Amino acid sequence: MTEPAHETRLTEMNARLADAESRAVAGFTAPRWPVIFVIGAPRSGHTLLSQLLCDSGGVGYVNNFVARFWQAPYLGTLIDRATGVSSNEQPDAERRSDYGRTEGWAGPHEFGHFLRRWIRFDRTHQSDDTQLDVETRQAWARESAALEHVHDRPLLMRNIIYGLNLPLVLQAIPRVMLIVCHRHLVDQAQSIARARIKHHGELDTWWSLRPAEYPALAGQPWPEQIVQQIVCTHRRIDQTVGNTPREDVQYEELCADPRGTCRRIFDHMAKLGAPSRWDPSPLPASLDISDAGKSDPTLRDALTAAAAPLQPTDRPT
């Protein structure tokens with residue numbers, strides 16, 4: 001967790017760099033290749049998938065060092081490249097993360113401060129805005145194009161909030177490829193329940209992504225809250241994705257065959273005109289499933305009962 005004093009210094013640094021960043025990216029217009037957005041509901045494996053794609057060398061991404069420069073990510077990336085802050089690290093072969101937070105300077109970051117520059121929201125994570133103003137659209141596109149340029153790879157952005165706001169994303173970045181992460185519903189719900197206990201010490205306090213239905217769900221029992229958190233998130237994605245290219249990734253299949261899953265994604269990117277310069281050799285042949293063997297019968301029974309009334313079409317797959 002970033003300490004308040006440190007956050008204040010970072011905010012001041014970003015304010016001072018903002019004008020320099022605007023001048024530095026002024027010559028860019030839009031990304032050459034589709035920008036990859038990794039989305040889904042919480043605890044679906046989106047962090048792990050992002051780590052694997054980044055480790056393959058096939059995408060450009062914002063790491064934990066560059067994320068400190070949310071108003072100047074292009075300059076932050078140049079500083080990182082010039083100083084070797086992240087490249088001097090040993091790769092995290094275990095791909096550790098703590099509820100979305102990866103380890104080391106080189107780990108992929110959710111870059112939430114950057115997202116909040118373009119998308120405004122309040123009680124839920126779904127914006128009430130239906131249109132981005134021209135200046136915001138152009139600035140977002142320029143920043144994305146600049147990051148793509150310095151990496152010379154398709155740009156990957158990992159933040160599940162984007163999934164609730166696809167109409168706004170597509171106004172600024174029309175050329176997109178979505179990676180929608182899925183997991184066995186009750187397993188995913190159980191993992192969210194554990195996160196509630198870890199972060200809040202109880203099951204009745206909401207944790208993580210708040211879809212538009214959050215105000216209505218807040219009064220429901222916790223098992224229904226968690227199941228509907230997942231269902232409503234995927235319903236929103238499916239309702240707003242339109243004809244945008246997408247790949248659906250099942251967490252269990254990702255763990256069974258990480259290289260095959262990444263190959264499928266990069267093959268799809270190649271069909272969209274993006275360069276396919278990735279190396280499968282740093283990727284493991286298989287991975288252990290998170291939470292395997294940690295089933296809590298009490299939690300699982302309650303969540304299974306909450307999921308039981310769902311129709312097949314309501315179940316994320």
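**Reading contacts, strands and cores**

Colleague: Which residues does Gln-51 touch, not counting those up to four places away in sequence?

Modeller: A contact means heavy atoms within 4.5 Å. By that rule Gln-51 touches Arg-95, Arg-96, Ser-97, Thr-102 and Pro-108. Do keep in mind that this is a predicted model, where local features need pLDDT of at least 70 and side-chain atom pairs count only at pLDDT 80 or more, while totals for chains, interfaces and linings use all residues. Residues are numbered from 1 along each chain as its sequence is written, and side-chain values use heavy atoms, with hydrogens and water left out.

Colleague: Where is Gln-51 found, and is Gln-51 buried or exposed?

Modeller: Helices (H or I, at least four residues) and strands (E, at least two) are DSSP runs, numbered from the N terminus. Gln-51 is in helix α2, residues 46-55. As for burial, buried means under 20% relative accessible area, exposed over 50%, and partly exposed in between, with a 1.4 Å probe and protein chains only. Gln-51 has a relative accessible area of 5%, so this residue is buried.

Colleague: How do I read a strand such as β6, and how many of its residues are buried?

Modeller: Look at each face in turn. In β6 (residues 176-182), 7 of its 7 residues are buried. One side carries Val-176, Leu-178, Val-180 and His-182, and the other Met-177, Ile-179 and Cys-181.

Colleague: Which strands pair with β6?

Modeller: Two strands pair if DSSP finds at least two bridges between them. β1 (residues 35-40) runs parallel to β6, joined by 6 bridges, with Gly-40 opposite Cys-181. β7 (residues 246-250) is also parallel to β6, over 5 bridges, and there Leu-178 stands opposite Arg-246.

Colleague: What is a nonpolar core, and which residues touch the most other members of the largest one?

Modeller: In soluble globular proteins, nonpolar side chains tend to be buried together. A core here is a set of buried Ala, Val, Leu, Ile, Met, Phe, Trp, Tyr and Cys residues joined through side-chain atoms within 4.5 Å. The largest has 37 residues, and Phe-37, Ile-39, Ile-119, Trp-140, Met-157, Tyr-162 and Leu-178 touch the most other members. Elements giving two or more residues to this core include β1, α5 (134-151) and β6. Apart from it lies another core of 25 residues, among them Ile-36, Leu-52, Cys-54 and Leu-283.

Colleague: How many disulfides does the count come to?

Modeller: A disulfide is a pair of cysteine sulfur atoms within 2.5 Å, and the count is 0. For Cys-232, the nearest cysteine sulfur, that of Cys-181, is 19 Å away. The sulfur of Cys-255 is 11 Å from its closest one, also in Cys-181, which is too far for a bond.
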